[in-house]
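Visitor: Could you walk me through this one and tell me what stands behind each label?

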Amino acid sequence: MGTIDEERADAWFHALSDRTRRDILRRVMRGEQSVSSLARNYSMSLTAVQKHVVTLERAGLITRRRNGRETLASGEAGAVRSAARLLAELEDVWRERIARIDDLLGAEAASLPAAPQHPPAAQHRAAASSPPRKD
């Protein structure tokens, strides 16, 4: 995990913590879109959508460019791949920890004495319901 700048990772996860920003990112990853066309998809002001776009841009997940009077946004596949690599590294760490716990539990279970064998429940109930024998 040392290859990824921690501040960059914080920015990614801050940006991706919001549902609207995740949706904006999905849309611009499919192709460049104007911020005003993005804004039509949400029940919020253009200014609010612009703020979301700026947050994604600061995190390096999208880029903006001007085309006349329009601001166009497009996704940065490299940054998204880097975030995915970071998540994969974290997943590997947790999978290793879980495997160690499984190993410890298996070793502990193997060292316990065997449980006493009980007769099947049907035999036990039959024996309990039959009248006592008179010898």
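Guide: Histidine 52 sits in helix H4, and helices here are DSSP runs of H or I with at least four residues, strands runs of E with at least two, numbered from the N terminus. Keep in mind that this is a predicted model, where local features need pLDDT of at least 70, side-chain atom pairs count only at pLDDT 80 or more, and totals for chains, interfaces and linings use all residues. Residues are numbered from 1 along each chain as its sequence is written, and side-chain values use heavy atoms, with hydrogens and water left out.

Visitor: Why does histidine 52 count as buried?

Guide: Buried means under 20% relative accessible area, exposed over 50% and partly exposed in between, with a 1.4 Å probe and protein chains only. Histidine 52 has 13% relative accessibility, so it counts as buried.

Visitor: What is histidine 52 in contact with, leaving aside its neighbours within four places in sequence?

Guide: Asp18, Thr20, Arg21, Ile24 and Met44; contact means heavy atoms within 4.5 Å.

Visitor: Which residues of H4 are buried?

Guide: Val49, His52, Val53, Thr55 and Leu56. They cover an arc of only 155 degrees around the axis, so they lie on the same side of H4; the arc is taken from the directions from the helix axis to the C-beta atoms. On the face turned away from that buried side you find the exposed Lys51 and Arg58.

Visitor: What do the buried residues of H4 pack against?

Guide: Helices H1 (6-16), H2 (19-30) and H3 (35-39), plus strands E2 (62-67) and E3 (70-75).

Visitor: How do you know that the span of H4 agrees with its 13 residues?

Guide: The expected span is 1.5 Å times one less than the number of residues. For residues 46-58 that should be 18 Å, and the end C-alpha atoms are 18 Å apart, so the two agree. After H4 comes glycine 60, with a positive phi near 80 degrees.

Visitor: What makes E1 and E2 edge strands?

Guide: The open sheet has three strands in the order E1-E3-E2, paired antiparallel. E1 (33-34) and E2 each have a single partner strand, so one side of each has no neighbour in the sheet.

Visitor: How many bridges join E1 to E3?

Guide: Two. Strands pair if DSSP finds at least two bridges between them, so E1 and E3 meet the cut-off. In this pairing, glutamine 33 stands opposite alanine 73 in E3.
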